[in-house]
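Student: Could you show me how to read a few features of a protein model, one at a time?

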Amino acid sequence: MIHYEAVMMGSPIRLSLSTDKPDRARSVFQLIRQQEQLLTVNRNDSLLMAVNRSAGQCPVVVPNDVFQLVSLAKQVSLLPGSLFNVAIGPLVKAWRIGFTGCSPPPTSVLRCAMQHIDPQDVVLDPDRQSVFLRKKGMEIDLGAIAKGYIADKICQYLSEQQEPYALINLGGNIHTLGQPEHGPWQIGLRKPFAAATTLSARLAVCGRSVVTSGIYERFFLHQQQCYHHILDSRSGYPLNNDLLSVTVVSESSLMGDIYSTLLYGMGLAGSLAWLAHHPELEAIMITRDNAVICSSQRNFHCQVLNELV
Ligand code: ADP
Ligand code: MG
């Protein structure tokens, strides 16, 4: 197996192919760059930032697949009790977690941000394929789902190119194509807040996506309190519950990315209840006391490495 690496979208990206194909790897990295150019909110010249800059002014016409992605994100945001919010942008920018954030923003700043995060104010026109944010100051943020969407695109490209098997790791969002000769892909789940090499579990998967939403990658500590990057639209603060992470194993990485965030918001009991009715998705939850809990293991195998510490 040959590995190719690059740093993109603020993360180390790793592509594993069966044999040395530098041109193919280059095409994959180019595909990531093109998608980032459309979807990031960390660069002012992206398409999504053009939509955000036109908030309160005018609709922006976007390509069909971006329109579909924003529509899906809005739909998920409007599910009853959903933690997911496609319009969370102003709150994300107020906290700046993972960038310069190191103390909670003043309440007045949070209050102002919270007046601009209603997903109902994301207006979609399917005829024109345009997106309009009703209020100035609103911002769409696809940070919770862009990597899953891109991982699906890469897997589709590699399967069209008849790659026998491949793995793409977009900095925590993993998608696998096929199965290597030596058996299923082995994917380690990091132990939250431990050294990067300490694992809580090891998964064996083939042709599936493995996506984790966790509170231990991007956070800061302030007065013994941990402030992480999954934000609760209702309070304006990071969402705290009994979970440290949710890893979703699914066919679609986009679905895995959406639901890893959504399920994190439901907490352990809520997630298990929800997953019992959705056999297409499976998940591994790590609780605050480091217990590793699997909803089911129909399409992968999970070896727990340290259940309780
Ligand atoms: P990761 O970045 O570890 O893959 P997630 O997929 O859960 O984690 O996405 C977290 C990102 O999603 C945040 O950095 C932010 O950009 C965005 N975000 C934060 N809170 C929410 C929310 N309630 N709904 C939708 N997106 C969110
Ligand atoms: Mg996600």
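Student: How are the donor residues of the magnesium ion (ligand 2) spaced in sequence?

Tutor: Donors are N, O and S atoms within 2.8 Å of the metal (3.2 Å for Na, K and Ca), and since water is not among the atoms, sites may look incomplete. Here the spacing is A-x112-D-x3-T, and the protein donors are A144 (O), D257 (O), D257 (OD) and T261 (OG1), lying 2.4 to 2.6 Å from the ion. Because A144 lies in the loop between β5 (130-133) and α6 (146-160) while T261 sits in helix α7 (residues 253-276), the pair ties together parts that are 117 residues apart in sequence; helices (H or I, at least four residues) and strands (E, at least two) are DSSP runs, numbered from the N terminus.

Tutor: A word on the source: this is a predicted model, in which local features need pLDDT of at least 70 and side-chain atom pairs count only at pLDDT 80 or more, while totals for chains, interfaces and linings use all residues. Residues are numbered from 1 along each chain as its sequence is written, and side-chain values use heavy atoms, leaving out hydrogens and water.

Student: Is T261 buried or exposed?

Tutor: Buried means under 20% relative accessible area, exposed over 50%, and partly exposed in between (1.4 Å probe, protein chains only). T261 is buried, at 9%, whereas A144 is partly exposed, at 28%.

Student: How many disulfides does a search of the whole structure find?

Tutor: A disulfide is a pair of cysteine sulfur atoms within 2.5 Å, and the search finds zero. For C294, the nearest cysteine sulfur, that of C302, is 3.6 Å away.

Terms used
Chains lettered and ligands numbered in written order.
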